[in-house]
Amino acid sequence: MKQQKILITGAFGQLGTALTQALITKYGSDAIVATDLNIRDEFTCATIKLDATNIEALDEIVRQQKITQIYHLAAILSAKGEELPLQTWDLNNSTFFNVLEVARLNDIKKVFFPSSIAVFGPDARSEKVATDFALHPTTVYGISKVAGEHWARYYNLKYNLDVRCLRYPGLISYQSLPGGGTTDYAVDIFHKAINGQDFESYLKEDTQLPMLYMDDAIEATLQLMEAPKEAIKTVGYNIQGLSFSPVELLTAIQKYIPDFTATYKPDHRQAIAESWPISLDDKPAREEWGWKPKFDLDKMTQEMLKQLELKKN
Ligand code: NAD
Ligand code: AKB
């Protein structure tokens, strides 16, 4: 059997920073290759500068490093995507397509594709939206994620390539800042609270969205990728962690920092938020590979404040 070696694209983004470290911890530094457009000296594994739109460069790294799995994280997210629609469509699709083709040509058996709650549209703005609910996204980012799920299914059926997809909610983490999403406020608010700064929310105070603490997101990702192939019956799993609005998050933080306050000034991101579900039904993920989140709002709030305070000192 080939020794496992995992390549990550977009390894220095919000998800990549935490996921790459978790993969190093689990499989060892020698088993991981972290790549991104801009790299930092941060991980103990091999780190290579890679523009994932360049299929030849990707192919060369995969061959040289004898890669057996790819986690493809590079993308432009929802809010930035609406500012750069054509570039977003181009980048999100071409990079995933490059990953799929390089995987097919190099006999790679497993690929991870991070999908998103953005696959849903305004007709899904309700509670407990099912995994098989209609996908009618109204953002370029969401359309690219739906297309990605379709391509995953196609390569699976046609080439027996095992591509696994999670539809992450908004991810909340202390390790790094998010990059251009609609759910970014839920990370930013913690930085403002810890630094004693004012917080202005670009979403209305009562706009609830599905969110997930990074530890749970990592756990879900590793669980999904390690599940036996026969267990995986769904392309694009919903995973529900917690759902809250800006004012509910503010109240949770005020339990620990009572004088922290917020103001609300909705901008273009409000319309994106209102086109996404309030919460998700994640029955297939729970039944097929045992998904179960550990963090509720209070536990996540405590952990974020603790970790950011430690980072500050
Ligand atoms: P991010 O914006 O923080 O990071 C993306 C990374 O991709 C960046 O480090 C960037 O440099 C890199 N990148 C951009 N263009 C590239 C290119 N041409 N070649 C190589 N690298 C390139 O995003 P993130 O939050 O870490 O998201 C990672 C993945 O997870 C994305 O596919 C995103 O759609 C998905 N996702 C994230 C969330 C979330 O809340 N963070 C939720 C749902 C899905
Ligand atoms: C975004 O807001 O664009 C991301 C996502 C939910 O996919 N955080």
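These legends accompany several views of a predicted model.

**View 1. The whole chain.** Let's start with the overall fold, where the chain holds 11 helices and 12 strands. Its C-alpha trace spans about 55 × 45 × 40 Å along the principal axes. A compact globule of 313 residues would have a radius of gyration near 20 Å, and the chain agrees with this at 19 Å. Of the 313 residues, 47% count as buried. Among contacts with a separation of 6 or more, 78% join residues 24 or more positions apart.

**View 2. The largest nonpolar core.** Step inside and you meet a core of 91 residues, in which I70, V111, I172, I189 and L212 have the most contacts. Helix α6, residues 185–194, supplies the largest share of this core, with six residues.

**View 3. A closer look at I70.** This residue is one of those with the most contacts inside the largest nonpolar core. Once neighbours within four places in sequence are left aside, I70 is in contact with L7, V99, A103, I108 and V111.

View 4. Gathered around ligand 2 are L77, S78, S116, I117, A118, Y141, G170, G181, T182 and T183. Six residues of this shell are polar and four are nonpolar, while none is charged.

Technical notes
Residues are numbered from 1 along each chain as its sequence is written. Chains are lettered from A and ligands numbered from 1 in the order in which they are written. This is a predicted model: local features need pLDDT of at least 70, side-chain atom pairs count only at pLDDT 80 or more; totals for chains, interfaces and linings use all residues. A nonpolar core is a set of buried Ala, Val, Leu, Ile, Met, Phe, Trp, Tyr and Cys residues joined through C-beta atoms within 7 Å. A residue is buried if 20 or more other C-beta atoms lie within 10 Å of its own, exposed if 12 or fewer, and partly exposed in between; C-beta atoms are placed from the backbone. Helices (H or I, at least four residues) and strands (E, at least two) are DSSP runs, numbered from the N terminus. Two residues are in contact if their C-beta atoms, placed from the backbone, lie within 7 Å. A residue is near a molecule or strand if its C-beta atom, placed from the backbone, lies within 6 Å of it. Ala, Val, Leu, Ile, Met, Phe, Trp, Tyr, Cys and Pro count as nonpolar, Asp, Glu, Lys and Arg as charged, and the others, Gly among them, as polar. The radius of gyration is taken over C-alpha atoms; the globule rule is 2.2 Å times the number of residues to the power 0.38.
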